[in-house]
Amino acid sequence: MEAVAADSPPGRVEGALSCFSFNQDCTSLAIGTKAGYKLFSLSSVEQLDQVHGSNEIPDVYIVERLFSSSLVVVVSHTKPRQMNVYHFKKGTEICNYSYSSNILSIRLNRQRLLVCLEESIYIHNIKDMKLLKTILDIPANPTGLCALSINHSNSYVAYPGSLTTGEIVLYDGHSLKTVCTIAAHEGTLAAIAFNASGSKLASASEKGTVIRVFSVPDGQKLYEFRRGMKRYVTISSLVFSMDSQFLCASSNTETVHIFKLEHLNNRLSCFCRSQTTRNKPWSRSGLSLSRRPEEPSTWSGYVGKVFMAASNYLPAQVSDMMNQDRAFATGRLSFSGQRNICTLSTIQKLPRLLVASSDGHLYIYNLDPQDGGECVLIKTHSLLGSGTSEENKENDLRPSLPQSYAATVARPSAAAVSTVPGYSEDGGALRGEVIPEHEFATGPVCLDDENEFPPVSIRDP
């Protein structure tokens with residue numbers, strides 16, 4: 001869920017921000033600028049708390065945070081072939097890796113870290129950052145389009161399988177084998193996204209008119225939604241809600257579309273009940289009579305009935321279009337043509353639509369999960385303001401952090417060595433969540449142990 005410009009060098013977004021991305025569970029927002037990068041917490045509507053900020057690396061065009069932990073991955077235009085992995089709370093660099101060409105995108109979950117170049121994908125074990133697999137036989141992918149399931153128990157990977165059609169390759173990040181290919185669209189792909197459990201995969205083509213959802217791992221089509229008919233658009237963001245009930249899509253237009261994923265069993269049972277009702281005779285005064293077809297009570301109902309009857313005789317493409325679901329809800333933006341990303345999150349126990357734009361603002365809308373309709377804008381935050389949260393004020397009183405990883409390790413630490421497994425030291429109170437031992441490949445990560453995460457520089461992995 002990261003936004004960078006697609007038709008210019010990676011990250012060159014026209015606007016105040018070079019890049020911006022929501023973390024895997026949509027509880028945090030990361031932004032990159034020419035000065036560095038910032039991380040924000042999304043726990044409140046009224047207040048946007050800055051969790052961390054750094055100016056050590058300028059001209060950042062990729063920044064990704066691992067859930068709400070202290071691990072962050074950064075790539076800069078000053079070294080576009082180098083990935084830097086930091087523990088931002090300690091102020092330490094865990095490692096850095098260099099690649100044969102510019103890094104276009106990075107995806108990560110609690111088991112795997114994905115680095116996408118134009119003609120290859122590198123899969124690392126996030127526990128020790130060891131390279132597990134290099135996928136070389138992929139079509140040219142100039143936008144770095146790829147997706148990684150945030151569910152570490154499956155770690156599915158998806159990436160384009162063709163330069164000319166919307167074919168998706170589904171890859172198993174655990175067994176390191178190709179699962180299947182999905183013929184998703186006729187045109188080339190523009191966006192792909194897994195749901196939180198990794199059981200569904202959504203896709204959109206460069207036309208941006210139709211969005212499809214497939215089951216994983218068998219690749220069967222489950223849903224088909226129509227975003228629009230009159231014009232082609234560029235889909236910039238495609239994301240499921242955490243409960244997989246909704247799918248959100250933003251583009252270069254002024255409208256964000258939210259689709260509702262009805263349970264297939266419910267849809268089928270409703271259809272069966274309607275068919276049973278149509279065929280069931282009705283009785284009056286104890287007499288069983290043949291049921292006459294129910295006449296529509298309104299003009300729109302009559303037209304709908306005609307269309308439904310005619311769909312059996314229309315070409316398949318027209319019939320399919322008539323059966324596509326439309327948006328359940330929409331969010332209206334005050335701009336168009338700007339790069340943006342969207343997400344659906346629960347903040348203060350209510351569902352919200354969040355949109356971050358390249359002009360440096362975060363827009364928060366209320367979403368009605370029952371009736372849908374137009375979402376109501378309730379708050380706009382500036383992502384480039386000079387205000388600091390209480391946490392940052394506390395950090396400003398601490399001594400400045402050394403520049404190098406070696407100097408950081410050599411510097412005596414006033415704090416006791418953490419015994420909490422994972423990347424967090426504060427039990428998830430403010431800056432990081434506890435990652436249980438069983439969620440890693442072979443055990444907890446000990447960031448204080450230099451033998452576990454030594455400084456690494458690999459020229460051609």
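Predicted model: local features only at pLDDT ≥ 70, side-chain atom pairs only at ≥ 80, totals over all residues.
## The chain as a whole

Let's start with the big picture. The chain holds 5 helices and 32 strands. Of its 461 residues, 51% are buried. The accessible surface of the chain is about 22000 Å², and carbon and sulfur atoms account for 51% of that area.

How do contacts reach along the sequence? Taking contacts between residues at least 6 apart in sequence, 47% join residues at least 24 apart.

## A strand tucked inside

Now look at strand β23, residues 246-251. Because 6 of its 6 residues are buried, β23 is largely enclosed by the rest of the structure. F246, C248 and S250 point one way from the strand, while L247, A249 and S251 point the other way.

β23 has partners to find in the 3D view. With β22 (residues 235-240) it pairs in the antiparallel sense over 5 bridges, and F240 has L247 as its bridge partner. These two strands form a hairpin with 5 residues between them, and S244 in the turn has a positive phi of about 65 degrees. β23 also runs antiparallel to β24 (residues 255-260), joined by 4 bridges; here C248 is partnered with I258. The hairpin of β23 and β24 has 3 residues between the strands.

## The nonpolar cores

The largest nonpolar core has 24 residues, and M83, I103, I106, L113 and V115 have the most contacts inside it. Among the elements giving two or more residues to this core are β8 (79-87) and β11 (112-116). A second, separate core has 17 residues, including F328 and Y363.

Notes:
Residues numbered from 1 in each chain as written. Heavy atoms only, no water. Core = buried A, V, L, I, M, F, W, Y, C linked by side-chain atoms within 4.5 Å. Buried < 20%, exposed > 50% of the residue type's maximum accessible area, 1.4 Å probe, protein only. Contact = heavy atoms within 4.5 Å. Areas by Shrake-Rupley, 256 points an atom, 1.4 Å probe, with all protein chains shown as cover. Pairing = 2+ DSSP bridges.
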